[in-house]
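Q: I'm new to looking at protein models, and I'd like to learn how to read one. Could you walk me through it?

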Amino acid sequence: MSAGTIRSLLMGDKQADRVVPPTGFTARLTLFVSGAMAFLAVFALALSLASGRLADRWADELARSATLRINAPADQMADQTMMALKILRQTPGVAEARALTAEEQTALLSPWFGPNLPIDTLPVPQLIEVRETDEGYDQAGLRLRLSAEVPGAVLDDHTRWRDPLVAAATSLRRLALVSILLIGGATAAMITLAANAALAANAQVIEVLRLVGARDRFIASAFVRRFTLRALIGSSVGVVLGMGGVLLLPEASQEGGFLTGLGFRGVGWLLPLAVPIMGAAVAFAATWAAAHRTLKELT
């Protein structure tokens, strides 16, 4: 929309405004649909941004890490662990190699077996956390050396875990974006129906206006302005309620996993402010198309 069009929408024309009734079911329908769709759009946007953050976090945390699992008899576990650590520290591209303590391994297993797991009496393998540099290391060569010198060592580069998780988060982000597009399409459809109903209800008024010399552009502008402003007001209310609902969502926490932290972050709180503008633009386009199509049919 040009600056002149925006100015005309805001300033309006008192004579043209009388063409569209200020009350009625079309007004309530437009306000309700715009508010409800804006409310849903805020949550879809929050879900899209949260999914993107989740995918980036999983990719970053797992991309440069690996786990070395040592399965060996109890009397050989310490020796094989020391040998594995020695090999890892000698491997170019490995930034850090650290054997997890018994307390850390108990904490990893506690979600499945409870906090009182007697790990000392169970044949639990020793885990070694491996951090690689930006250049990375030769996984094939490291596996060959480990298989020769540490028979019970198994290197897991987290690929089978990372790729499905990142793909799931990315798919969730795409689904949220598709939801936003569907919300916009549903808003356009409902406003088109409301505009058509208002135009049909004022068919006789339109005929009289034409008889006194009013142009179709003048008549269409009256409907476009009224429905655009209704959509802007309804969307603004829906965004305020949606942002209030997002504020009530639980904050990010390790206990809640990906079910928490679905709100906006930083400048992301400014993005919902574009929803009323987009809603008004959708209403403008839908009403303009509906008005011109209906006016041609009434010719």
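This is a predicted model: local features need pLDDT of at least 70, side-chain atom pairs count only at pLDDT 80 or more; totals for chains, interfaces and linings use all residues.

Q: What share of the residues is buried?

A: Of the 299 residues in the protein, buried ones make up 39%. Take the contacts with a separation of 6 or more: residues 24 or more positions apart account for 84% of them.

Q: Now the helices. At what angle do H9 and H10 pack, and how far apart are their axes?

A: For a pair of helices, look at the angle and the distance together. Helix H9 covers residues 216-247, and it packs against H10 at an angle of about 150°, with the two axes 8 Å apart. Because angles over 145 degrees count as roughly antiparallel, H9 is roughly antiparallel to H10. The crossing of H9 past H10 is right-handed. Sorted by class, the residues in this contact are 16 nonpolar, seven polar and two charged.

Q: Is H7 oblique or roughly antiparallel to H9?

A: Start with the numbers again. Helix H7 (residues 159-201) packs with H9 at an angle of about 140°, and their axes are 11 Å apart. That angle makes H7 oblique to H9. Their crossing is right-handed.

Q: Which residues of H7 and H9 meet?

A: From H7 you have Ile-191, Ala-194, Ala-195, Ala-198 and Leu-199, and they meet Phe-223, Phe-227 and Ala-231 in H9. By class that contact has eight nonpolar residues, no polar and no charged ones.

Q: What about H8 and H9: which residues make that contact?

A: First the geometry: helix H8 (residues 203-211) and H9 pack at an angle of about 145°, with axes 10 Å apart. H8 passes H9 in a right-handed crossing. On the H8 side the contact is made by Ile-206, Leu-209 and Arg-210, and on the H9 side by Asp-216, Ile-219 and Phe-223. Here the classes come out as four nonpolar, no polar and two charged residues.

Q: Let's zoom in on single residues. Is Thr-294 buried or exposed?

A: Find its element, then check its accessibility. Thr-294 lies in helix H10, which spans residues 274-297. Thr-294 has a relative accessibility of 11%, so it counts as buried. If you leave aside neighbours within four places in sequence, Thr-294 is in contact with Asn-196 and Leu-199.

Q: Which residues does Trp-269 touch?

A: Not counting residues up to four places away in sequence, Trp-269 touches Met-243, Val-246, Leu-247 and Phe-264. Take Met-243 as an example: Trp-269 and Met-243 are 26 residues apart along the chain, while their C-alpha atoms are separated by 8.4 Å.

Terms used
Residues are numbered from 1 along each chain as its sequence is written. Side-chain values use heavy atoms; hydrogens and water are left out. Helices (H or I, at least four residues) and strands (E, at least two) are DSSP runs, numbered from the N terminus. Buried means under 20% relative accessible area, exposed over 50%, partly exposed in between (1.4 Å probe, protein chains only). Contact means heavy atoms within 4.5 Å. Axes are lines fitted to C-alpha atoms, for helices over the stretch in contact, and angles run from 0 to 180 degrees between N-to-C directions. Angles under 35 degrees count as roughly parallel, over 145 as roughly antiparallel, 65 to 115 as roughly perpendicular and the rest as oblique. A crossing is left-handed if the near helix is turned anticlockwise from the far one by less than a right angle, and right-handed if clockwise. Ala, Val, Leu, Ile, Met, Phe, Trp, Tyr, Cys and Pro count as nonpolar, Asp, Glu, Lys and Arg as charged, and the others, Gly among them, as polar.
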